[in-house]
Amino acid sequence: MKTDIKRTALNVSTYCNLKCKHCLAFIPYYKDPKHMSYQEAKNILDIYFKVVDSVEHFTVTGGEPLLNVALYDILQEVYKYQHQIIDSVDFVTNGTLEIPENILDLFEMNHNNSKVIISNYGENLSTKTNLIKTALEKRNIKYRISQFSGDSLYFDGWIDFTDHSLKWDTEEKRDKNAQGCLHRTGKYFLINGGGELHCCSRSFWRMKNGIIPKVYGEYVPLTDNTISIEEKRKYLLEMYNKKSSISCAYCVGLRNDIERQYPAQQLEREQ
Ligand code: SF4
């Protein structure tokens with residue numbers, strides 16, 4: 001059975017230099033933030049690309065991935081699997097830090113299937129957006145600016161996912177709600193630093209914090225060597241084909257009809 005999937009994001013850091021209250025990945029709420037090491041990433045990618053035959057978009061993200069000093073080596077490793085990445089290697093950054101020259105070199109060398117996505121949270125936060133844009137344009141590297149301020153398509157506001165109470169008490173209701181969730185229908189899978197593949201960062205967070213049980217088929221333990229590649233492929237397909245996951249029962253969903261919050265509101269920093 002083939003495992004051709006749409007999207008997977010590799011979270012290479014749970015550190016961020018911003019503290020967005022409504023961060024989709026709950027990054028400011030981590031008590032134990034970590035950078036993914038090169039060895040960890042190498043191992044995860046090796047297994048992931050055995051479990052997955054192809055992926056349309058492979059995203060490198062965080063937290064803020066530019067804070068991870070191993071980022072260049074990790075990206076180099078990702079590009080080794082280009083033959084299995086159909087569309088592009090996407091790199092997401094928050095517009096607060098310039099992209100180092102060696103990483104720009106890497107994007108330029110692989111310009112046919114690379115895209116940088118700059119999340120622009122406005123001139124007070126994403127202060128380097130224009131500098132990054134100029135550097136990318138100079139080298140003909142594809143990019144997109146996701147505009148989270150001002151009057152634009154992306155200025156719809158963010159959803160508050162911090163209420164983890166049970167919302168849908170039957171599978172039917174949970175399926176129905178999840179079928180309107182862009183993450184569920186777009187199949188945005190996520191690999192976290194522990195080498196687990198989840199159906200979204202909300203599902204990962206709820207398992208990490210014991211809100212929902214850890215069950216194979218609701219996640220894939222990529223780096224668990226006691227489980228065969230075939231079994232991991234089976235769990236992945238199970239997740240891929242479900243209408244909803246257990247986590248969706250505790251979730252409002254990334255739906256167009258849910259109340260929005262002002263984007264990138266900053267939590268107070270501890271002194
Ligand atoms: S409904 Fe919530 S838990 Fe389910 S896929 Fe969407 S965001 Fe993730």
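In this predicted model, Tyr81 has a relative accessible area of 14%, and because buried means under 20% relative accessible area, Tyr81 is classed as buried. Tyr81 lies in the loop between α2 (71-79) and β3 (85-93).

A search of the whole structure for aromatic pairs finds 13 of them. One of these pairs joins Tyr48 and Phe49, whose ring centres are 4.8 Å apart and whose planes stand at 85 degrees, so that the pair is edge-to-face, given that planes over 60 degrees apart count as such. With a relative accessibility of 0%, Tyr48 counts as buried, and Phe49, at a relative accessible area of 5%, is buried as well. Phe49 also forms an aromatic pair with Tyr81, and here the arrangement is stacked, with 4.5 Å from centre to centre and 10 degrees between the planes. Taken together, ring pairs link Tyr48, Phe49, Phe58 and Tyr81 into a cluster.

Aromatic rings in the model also take part in contacts with charged side chains. Arg7 lies over the face of Tyr188, at a distance of 4.5 Å from the ring centre. In another contact, the charged end of Lys187 is placed over the ring of Tyr240, 4.6 Å from the centre of that ring.

How values were computed: Residues numbered from 1 in each chain as written. Predicted model: local features only at pLDDT ≥ 70, side-chain atom pairs only at ≥ 80, totals over all residues. Heavy atoms only, no water. Phe/Tyr/Trp six-rings, centres within 6.5 Å; stacked < 30°, edge-to-face > 60°. Buried < 20%, exposed > 50% of the residue type's maximum accessible area, 1.4 Å probe, protein only. Helix = DSSP H or I, 4+ residues; strand = E, 2+ residues; numbered from the N terminus. Lys NZ or Arg CZ within 6 Å of the ring centre and 35° of its normal.
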